[in-house]
Amino acid sequence: MSILKLNNVSLTYFSKNGETKALDNISLDIKEKEFVSIVGPSGCGKTTILSLISGLLKPTDGNIEINNNSSENMIGYMFQKDELFEWRTILDNIYLGLEIQKKLNNDSKEYVEGLLKKYGLWDFRNSHPSQISGGMRQRAALIRTLALQPKILLLDEAFSALDYQTRLNVCDDVYKILKEEGITSILVTHDISEAISMSDRIIVLTKRPATIKTIHNINLSHIDTPLKRRESNESKELFNTIWEELQ
Amino acid sequence: MKKSNNHSKEYNNYIKKEKFKKITILVIQILILVGFIGAWELLAMTGAIDTFITSSPSKIIETIGNIASTGELWLHISTTLYESILAFVIATGLGTMLAIILWWNKTLQKITEPFLVVLNSLPKIALGPMIIIWVGIGTKSIVMMAVLIMIIITTITMLNAYQNCENSKILLLRSYGANKFQVLTKLIIPNATCDFIGVLKVNVGLTWVGTIMGEYLNSRAGLGYLIVYGSQVFNLNLVMASTVILCFLAAIMYFIVAWFEKIMKKKYNQ
Ligand SMILES: Nc1ncnc2c1ncn2[C@@H]1O[C@H](COP(=O)(O)OP(=O)(O)OP(=O)(O)O)[C@@H](O)[C@H]1O
Ligand SMILES: [Mg+2]
């Protein structure tokens, strides 16, 4: 079942220096619980797509349909940096979105408590961000987003600020969490292997203004973790194909 | 962290050394102060310096005792203290509020920018006579003087701090659907805590500059008034005594701000 649809979406930025066409006629159909990655040359318009989906930007042309059967807020957004506020404890950071949407009540607090315990941050709930490791911070940022119980999660290079070792582990962590919570995810990344190891589908974009160049369906579900998928032969072949496409 | 004794020997040595350094510094500081006062008194007693011009520690204490016994001391202290605190609160409060308004309204900010810059570089003391004509002599004009000295720099500094907030953090809040007011209260203001404390520290010094300057221009009471009066009648004991009291008051106010800083930093983990 389709949860999100982009129909012939185009976007042009207007600024003092002129206009920049970032997206040109992008159409996408994303199914529920699907994991989709977007790769493309630097500055081609990947972040722009996420901004459109999240509603931070409105398309210049075309439209976006979100299959919204509940009136709940649907979309969570994770950025490259964890953007945790240093003056708040981990717990208060996680409450941030709930506070803003005035949903901080016993139910939501209990839900957060469950997430913290499940994903190993409960003992650190009263620490400040600088007192925990980079991997834990990213997990905290994820829980902050999950606290709002989004149906769709947008990840914009969410792991690229981490060192390689941590990054592989966090990818595994996050992947597991997202599957468990049944969340549809859209990941923007520069790391082709990362895209291959996590996704059901990879969308390759052209240079700016971005159009869709190719779409790869991936079938690695017989391998259970992203880390192991990176090692597989299928993924190595696909890596080369996508690498060529990005040149 | 709990205090425990299972630190390594090297660590204990390190702590000991640090403590020793701290104590040494404190002792030297006290020695300098005592030495200075002692030398001053000694030179005055032996007649090596002219106490008519330099006064002396014992004379200063005597003078303070004299004014205290007439009951006037408290009047002067409370006058200046009242003016300083009032000006400090008004300038910090209004300045911060202005900064918030200018952060909120970009157009207004662009419009006022050149005026703020010019006002900031203007020596406020030049406005003294004008202020007296406009608001009259006394407390009002003194407080006004001090407020003018502080308010522009407060506004400029805080506005800068508000604008320095990372855009990505604002985006995060907006992705939660935060409105502008929520961005302000949840992010912009707490994010600028360090800068606000910096402003407090600067203002706690400037407010004394402002009130004493104001009192030089026009006043019937206050420590600035005592200093001017003392110099006019060439009573250096009085001038020095007032200056010493001023030092104490300024120090106390500074320490209150420093204490506040400590609490805030602890709360905000910065
Ligand atoms: N607010 C803006 N105003 C004007 N131009 C913009 C704005 N935001 C982005 N652009 C331009 O639009 C193009 C696409 O930007 P976008 O951030 O979507 O690219 P990206 O693919 O995410 O890049 P990167 O790989 O560097 O993250 C870029 O050329 C950028 O310079
Ligand atoms: Mg980007």
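Before you click: residues are numbered from 1 along each chain as its sequence is written, while chains are lettered from A and ligands numbered from 1 in the order in which they are written. Because the model is predicted, local features need pLDDT of at least 70 and side-chain atom pairs count only at pLDDT 80 or more, though totals for chains, interfaces and linings use all residues; side-chain values use heavy atoms, with hydrogens and water left out.

**Stop 1: ligand 1**

Helices here are DSSP runs of H or I with at least four residues, strands are E runs of at least two, and both are numbered from the N terminus.

Now draw some distances to oxygen atoms of ligand 1. A polar side-chain atom of T48(A) sits 2.4 Å from one. For G45(A), a backbone N or O atom is 2.9 Å away from a ligand oxygen, and for C44(A) the backbone figure is 3.2 Å. Overall, the protein covers 63% of the 640 Å² of accessible area that ligand 1 has on its own (Shrake-Rupley, 1.4 Å probe; for residues, only the protein chains shown count as cover).

**Stop 2: where chain A meets chain B**

The contact (heavy atoms within 4.5 Å) takes 22 residues from chain A and 20 from chain B. Together the two chains bury about 1900 Å², 61% of it on carbon and sulfur atoms; buried area is the accessible area (1.4 Å probe) lost on putting two parts together, summed over both. In chain A, select L56(A), W87(A) and I100(A): they lose the most area to chain B, together 38% of what that side buries.

There are three salt bridges between the chains, each a side-chain nitrogen of Lys or Arg within 4 Å of a carboxyl oxygen of Asp or Glu. One to zoom in on joins E99(A) and K186(B), at 2.7 Å from N to O. Next, highlight helix 2 (90–100) and helix 4 (134–146) of chain A, the elements that give two or more residues to the side touching chain B. Helix 2 gives the most, with four.

**Stop 3**

A cis peptide bond links R208(A) to P209(A), with omega about -5°. P209(A) is in the loop between strand 8 (201–205) and strand 9 (212–217) of chain A.

Finish at N8(A), in strand 1 (residues 2–15) of chain A. N8(A) is not a glycine, yet its phi is positive, about 45°.

Methods
A polar contact is a pair of N or O atoms within 3.5 Å; within protein, one must be able to donate a hydrogen and the other to accept it, and residues adjacent in sequence count only if both atoms are side-chain atoms.
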